[in-house]
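Subject: Structure for your review

Dear colleague,

Please find the structure below, together with its sequence.

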Amino acid sequence: MSMKTTLRITLATATTFAALGFAAPQAAVADTPGRHFTVASQVSASTQSLVAANAQAAAAGATACGAGYTQIILAERLPSATARYATIYVYTNGQETGPRIYDKPTCAVLHNETGSAQYMGVRLKDNYTDTPDTQDFGTYNTYAGPVYQNKGWCGEVYSYMKKSGKVVVDHVRGVGACN
């Protein structure tokens, strides 16, 4: 069983236990805002409020990204705050991997908010033309990703979802606070 499958099973189990009123260890920790993640000071007010209102989902994304990816730099409901099918979360570990300030590793996870399996995907690219994009597309119940870039702070994240054969999310967004 792959690590991604194990993480999805663990997150799905935690969600099921939480829905039934039981506190699975992962859910109990994720319910504590700031326990697994922080919000970068440069993020928009909409990212701050979305993370504050959905701390458990933000913590689950940080867990999916793995050790060190605990600083949220983007959270956005897609296609909009009122017509929500998915939520994109982008994290960094805050470390610089090169000589420029935007040479920071990033990780992206696209959460499925529909309650059923959908064809969806996430693509992450950095700010360098010679680095290949990283992506994860398929039919998922909970999330697409995680995908990583070693120098992704000033890159882009692409989110995509089809529901009942219709494209409901097709969105590109800049990552990080760049000029």
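Are Y89 and Y91 buried or exposed? In this predicted model, both Y89 and Y91 are buried.

Aromatic rings

Searching the whole structure gives 7 aromatic pairs. One of them joins Y89 and Y91, whose rings are stacked, with 6.3 Å from centre to centre and 25° between the planes. Another is formed by F137 and Y160: the ring centres are 6.3 Å apart and the planes stand at 50°, so this pair is tilted. Because F137 belongs to strand β6 (residues 134–140) and Y160 to strand β8 (residues 156–163), the pair ties together parts that are 23 residues apart in sequence. F137 counts as partly exposed, with 25% relative accessibility, whereas Y160, at 15%, counts as buried. F137 and Y160 also belong to one aromatic cluster with Y119 and Y158. Elsewhere, K151 lies over the face of Y128, 5.4 Å from the ring centre.

In soluble globular proteins, nonpolar side chains tend to be buried together. The largest nonpolar core here has 23 residues, and those touching the most other members are I88, V90, A108, L110, V122 and V157. At least two residues of this core come from each of β2, β3, β4, β5, β7, β8 and β9. Leaving aside neighbours within four places in sequence, L110 is in contact with residues including L78, I88, V122 and Y160. A second, separate core of 17 residues includes V51, A62, A75 and Y89.

Yours sincerely,
A colleague

Terms used: Residues are numbered from 1 along each chain as its sequence is written. This is a predicted model: local features need pLDDT of at least 70, side-chain atom pairs count only at pLDDT 80 or more; totals for chains, interfaces and linings use all residues. Side-chain values use heavy atoms; hydrogens and water are left out. Rings of Phe, Tyr and Trp (its six-membered ring) pair if their centres lie within 6.5 Å; planes under 30 degrees apart count as stacked, over 60 as edge-to-face and the rest as tilted. Buried means under 20% relative accessible area, exposed over 50%, partly exposed in between (1.4 Å probe, protein chains only). Helices (H or I, at least four residues) and strands (E, at least two) are DSSP runs, numbered from the N terminus. A charge sits over a ring if NZ of Lys or CZ of Arg is within 6 Å of the ring centre and within 35 degrees of the ring normal. A nonpolar core is a set of buried Ala, Val, Leu, Ile, Met, Phe, Trp, Tyr and Cys residues joined through side-chain atoms within 4.5 Å. Contact means heavy atoms within 4.5 Å.
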